[in-house]
Amino acid sequence: MEEFEASASTKKIKTIYISTVFGIAMVLVMIGLLGLILVHANNLSRYVKENIVLNIFVDDAAHETDVLQLQKQLDANPMVKQTQYVSKELAARNLQKDLGEDFVKFLGYNPLSQSLDVYLKADYANNKDIEKFKADLLKNSLVKEVKYQQSLVDQMNQNVTSISLVILVFAGIFVVLSVALINNTIRLAIYSQRFLIKSMQLVGATKGFIRKPFLLYGIWHGLLGGLIAIIILVATLYLGYKQVPDLVMLQNYTEFGIVFLGVIGIGIFISAFSTFLAVNKFLRLKIYDLYR
């Protein structure tokens, strides 16, 4: 009979711990998804900013070698991500595609100028830095005109700021709720062991001795929950990229690695800390309070 009761008790404890691990894992999945959303939102913002083009039109009398020399100078500028030289012929072909007809043949000559398309780094994709960059360019005798969509830059930066604030607010609220859920899950698991904790205390075990195995279990459960969450997150990313192939251009394995390590770290920390608080609570309780 005693063996049966011990076996039943062991199965009950294992069931509680398994449910605790999966409870932690599900919460960590949501935290991980939030982290991946933030990473993709940041990468999308950077991608959009770095695709704003500045069209630098050079003097019609400028030689191609001089324009290419200017391009090398721009490539060395810390604000510039990349440049592209657009010859008169290439500009004509691009415009012919847009118009759907050969305007050069109609006019009898090519009225377009050679130019440079400049793409700035995301940190400098704002009107203040662009205007300063534009003013410096216009000092060069080769540069005739610099054009870019100023209203688009303003609107883009305003939208990015607004969306970032909304995401951060929701992230803060969600993290608080996630911590509360994991904490409650672990408190319920420790509650089932309250009599064992008090028994160990009554026979003279120190608080540190009693806490140690529970803290080790807490760390282990947080680690397992984090690993399960990562497996689910990787599967979610795979399905997401399969359904929306364009998302591949936003992927960054380094940032994904940081998110995954963060998920494991958060799982271990919250699990261990919640276990520590729960065990301390039952260590302070009087015997008669254990039955409440």
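At 32% relative accessibility, Glu145 is partly exposed, a class lying between buried (under 20% relative accessible area) and exposed (over 50%), as judged with a 1.4 Å probe on protein chains only. Glu145 forms a salt bridge with Lys147, with 3.7 Å between the closest N and O atoms; the term denotes a side-chain nitrogen of Lys or Arg within 4 Å of a carboxyl oxygen of Asp or Glu. Lys147 is likewise partly exposed, at 43%.

The model is predicted, with pLDDT of at least 70 needed for local features and 80 or more for side-chain atom pairs, while totals for chains, interfaces and linings use all residues. Residues are numbered from 1 along each chain as its sequence is written, and side-chain values use heavy atoms, with hydrogens and water left out.

The structure holds four salt bridges. In one of them, the side chains of Asp136 and Lys139 meet at 3.8 Å, N to O; Asp136 is partly exposed at 43%, whereas Lys139 is exposed at 69%. Another joins Glu50 to Arg46, also at 3.8 Å, N to O. Glu50 is buried, with a relative accessible area of 12%, and Arg46 is partly exposed at 35%. Arg46, Glu50 and Lys81 are linked in a network of salt bridges.

The lining of the largest pocket comprises 22 residues, with Ala41, Asn42, Ser45, Val160 and Ser164 nearest its centre. The elements that give two or more residues to this lining are α1 (2–49) and α6 (150–191). The largest share, ten residues, comes from α6.

Definitions and conventions. On a 1 Å grid over the protein atoms alone, a cavity is a set of points where a 1.4 Å probe fits but cannot get out, and a pocket is an open set with protein on both sides within 12 Å along at least five of seven lines; lining residues have an atom within 4 Å of a point. Helices (H or I, at least four residues) and strands (E, at least two) are DSSP runs, numbered from the N terminus.
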